[in-house]
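Biologist: Can you walk me through this one? Keep it short, please.
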Amino acid sequence: MKGMIRILLVFCIFGTLVFGMSAQDTEISLLQWSHFVPRYDEWFDAYAAEWGAENGIGVTVDHVNFTELFSTLAAEIDAGDGHSIVEVLFSPASFIDGLHDLRDINEAAAEMYGERASTCEAASYLPVTDTWYAFAHGYVPDPGDYDIALWTEAGYPNGPRTYDDLLEGGRAIYETAGIPVGIGMSPELDSRMATRAAIWSFGGSIQDENENVVLNSDETIAAVKYLAQLQNEAMTDEVFGWTAASNNQGLIAGELSYILNSNSAYRSLQKIDAAAAANIGFTPALEGPAGAYASSHVWQIYVIPNYVEGAELAAAKQFILDHTASYSDATYHSELYNFPCYASAVPELDGWLEADPWGSEPPNKFEVLKTVNDWSVHLGFPGVTNPAVSQVFAESIIPNMVAQVALGEMNAEDAVAQAHERIEEIFNEWRARGLVGGGE
Amino acid sequence: MGRLSLGSFPLDNRRLIGALFLTPALLYIVLLVGFPFILSIAFGFSDVTVGNTDLSFVGFRNFLAVWENDIFRQVFETTIRFTLISQVFILIFANILAVIFTQDFTGKWFARFIFILPWATPVSLAMIGWLWMLDTKYSSIDYLLLQLGLLGRGGLLSDNRNLFWLAAPDLAQISVIFVQVWRMTPLATVILMAGLSSIPTDILDQAEVDGSRFMRTLLQIKLPLILPIMVIALLFSMITMFGDMTVVYVLTRGGPVDYTRVLGLYSFQVGIEGGNLAQGAAISLFAFPLLLAMAIFMLRTASRAEVR
């Protein structure tokens with residue numbers, strides 16, 4: 001009965017939109033990244049073609065490197081022409097004026113699947129304008145990956161569970177085995193996530209719930225001092241030149257004792273050396289003085305630019321909702337890389353985490369991810385991910401602040417104060433545009 | 001016998017054919033240089049974002065905000081420093097190589113071909129190659145130094161197995177400057193070779209008859225004669241480097257900290273990745289007055305040298 005109601009609901013929402021369009025003439029195009037898991041793209045392209053054939057709609061899917069998504073979206077909005085749906089990996093809040101409000105499909109999905117993960121909501125809804133500028137369908141957990149043998153030898157058989165464990169155990173492993181911890185401190189994605197995770201877990205943040213800048217706090221300073229100490233005592237200078245591939249390379253080569261990453265590094269190792277992969281364990285976000293938080297690694301976020309209209313717009317929305325309905329396949333074929341924003345859309349997930357369908361040893365290796373929604377947050381935590389948060393992210397202000405202290409160029413107090421000043425400037429500019437709240 | 005008349009043919013009109021020949025170059029300049037330039041000025045004086053391209057005029061607000069930004073000032077200084085240091089090396093190497101490549105020796109054409117490759121190779125592809133060679137952990141250069149005993153325990157350069165080319169502040173800056181010199185030297189060399197080849201042989205013959213030796217001929221005859229061309233080579237190289245973001249985007253993304261962040265990269269990070277298109281445009285426009293003044297000065301210098 002419930003299933004019938006859901007089907008009826010979808011029909012009602014889209015019946016009026018689809019009515020009158022000549023389905024055979026309708027075409028939609030999608031732009032999305034070349035997924036880190038090639039199997040996912042193979043599944044998705046076939047799924048999209050099949051969906052198009054079933055609905056009498058032409059579907060084209062273009063894949064690009066993830067670094068090109070924002071620049072392509074900017075160019076297409078400026079040109080007023082381009083793809084019907086663009087999938088980006090970080091909140092596209094700064095594009096909000098050029099995007100359709102997707103309140104209808106967000107509400108329809110919530111009606112069908114219930115509560116969405118908070119990390120997804122904060123990356124697609126802007127309270128200050130009350131706009132659903134995007135539809136987030138998935139996110140990627142960013143757990144800790146550790147070398148089981150090394151950490152067992154150091155007295156932590158379940159890996160580090162707190163930031164104190166990471167410092168003490170990581171330092172002991174580095175001193176005895178010469179293998180460092182790998183937490184990036186350079187202007188790149190993984191470093192931006194890792195440094196934020198520590199700041200949140202120490203009780204600091206860039207902004208508060210009301211979008212006021214609060215970076216310059218004792219908690220942030222303590223986190224920065226901690227990270228500098230961690231770098232000086234348990235890591236090498238390579239972390240100042242970290243790239244998106246460094247985690248993966250180091251883990252696969254057995255040259256890092258602990259990293260923060262999605263499951264992609266582990267999956268790569270699994271395909272190369274199953275025995276070495278069996279030696280990798282996962283931890284949830286590390287516990288700090290104020291709790292355990294880690295940013296989601298990336299998000300899968302659909303947007304529809306304003307230039308998409310009429311039957312094309314209706315078809316694009318229908319595609320997004322139907323794709324969410326197929327999220328079990330999406331999660332499965334991404335080798336559990338994509339986690340669903342709507343947990344009920346993938347009822348098999350807990351079972352897969354207990355027994356990895358992709359052959360992990362032991363099979364319950366990913367079981368720690370059952371608690372992911374308790375600790376996986378978003379870039380603007382504890383507020384929302386607004387355009388100012390996105391610009392702070394793009395300018396790499398946070399990892400650079402930490403690196404300055406770790407390199408001994410500044411003390412933590414001055415580095416945090418300097419970063420706070422720049423972030424305040426950015427927030428004020430976006431606030432003047434009416435896209436950031438707070439400021440009173 | 002009367003002249004054979006072919007009748008009037010439109011392409012016989014010198015004005016028309018002149019205009020036709022100029023049209024592609026003019027179209028290129030107007031559409032691919034002029035229009036984006038005007039657009040970036042309009043963006044710089046507006047409140048445009050990646051999502052909202054309405055050009056509402058805000059005066060100098062973006063430029064003032066950019067100037068007050070400490071990161072921008074450091075980026076601006078880094079860009080000027082990298083450009084100037086690179087040009088010194090490019091000028092020295094290009095002069096030496098131009099002289100070598102205008103001499104006769106076996107395998108000259110092959111050597112020229114190999115030498116031009118850094119400039120002819122797509123920059124992003126070349127940078128990926130350098131990224132591999134300078135990798136913080138798996139650098140082939142480090143591997144070589146390790147085999148020679150210069151790295152690792154008791155090594156002359158470091159006890160570590162790596163030098164961290166792109167992670168240590170000094171080495172990262174040296175690496176970026178080195179790669180820029182590697183990339184830009186061939187163009188400057190080719191321009192200087194053209195200049196050396198255009199020196200009238202009678203002048204060189206006269207010098208030889210008068211007993212002028214190699215260095216004297218080079219320093220007192222050849223270099224002064226190609227000075228205008230040298231200035232043009234330098235100008236090309238400086239303008240290209242000042243606006244470039246590809247090298248640092250691929251190698252360091254501006255790190256460690258902000259040590260290698262240059263104007264083009266920062267403009268992209270703020271304008272496109274950060275969504276603040278107006279400020280991104282304002283950042284890039286800060287280069288314009290400086291480059292314009294430099295171009296005027298250098299072209300006047302070249303012109304004066306030519307007249308003499």
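Predicted model: local features only at pLDDT ≥ 70, side-chain atom pairs only at ≥ 80, totals over all residues.

Biologist: What kind of peptide bond runs from B:Gly255 to B:Pro256?
Modeller: A cis one, with omega near -5°. Most peptide bonds are trans.

Biologist: And where is B:Arg253 found?
Modeller: In the loop between α10 and α11 of chain B. B:Arg253 has a positive phi, near 55°, and is not a glycine. Most residues other than glycine have a negative phi.

Biologist: Is B:Arg253 buried or exposed?
Modeller: Buried. B:Arg253 has 22 other C-beta atoms within 10 Å, and 20 or more is enough to count as buried.

Biologist: Let's zoom out. How many helices and strands does chain B have?
Modeller: Chain B has 13 helices and 0 strands. Its radius of gyration is 25 Å, well over the 19 Å that the globule rule gives for 308 residues, so chain B is more spread out than a compact globule.

Biologist: What does the C-alpha trace of chain B span?
Modeller: About 90 × 60 × 35 Å along its principal axes.

Biologist: How much of chain B counts as buried?
Modeller: 36% of its 308 residues. Now take the contacts in chain B with a separation of 6 or more: 66% of them come from residues 24 or more positions apart.

Biologist: New topic. How many residues of chain A are in contact with chain B?
Modeller: 35 residues of chain A, and they meet 34 residues of chain B. On the chain A side, the elements giving two or more residues include α3 (69-79), α10 (246-252) and α19 (412-432) of chain A.

Biologist: Which element gives the largest share of that side?
Modeller: α3(A), with 5 residues. By class, the side of chain A that touches chain B has 12 nonpolar, 12 polar and 11 charged residues.

Biologist: Which residues does a cis peptide bond join in chain A?
Modeller: A:Glu361 and A:Pro362, with omega about 0°. A:Pro362 lies in the loop between α15 (349-354) and α16 (372-375) of chain A.

Biologist: What about phi of A:Glu211?
Modeller: Positive, near 70°, in a residue other than glycine. A:Glu211 is in the loop between α8 (189-201) and α9 (218-234) of chain A.

Biologist: Buried or exposed, that A:Glu211?
Modeller: Buried. A:Glu211 has 24 other C-beta atoms within 10 Å.

Technical notes
Residues numbered from 1 in each chain as written. Chains lettered and ligands numbered in written order. Helix = DSSP H or I, 4+ residues; strand = E, 2+ residues; numbered from the N terminus. Rg over C-alpha atoms; globule rule 2.2 N^0.38 Å. Buried ≥ 20, exposed ≤ 12 C-beta atoms within 10 Å, placed from the backbone. Contact = placed C-beta atoms within 7 Å. Nonpolar A, V, L, I, M, F, W, Y, C, P; charged D, E, K, R; others polar.
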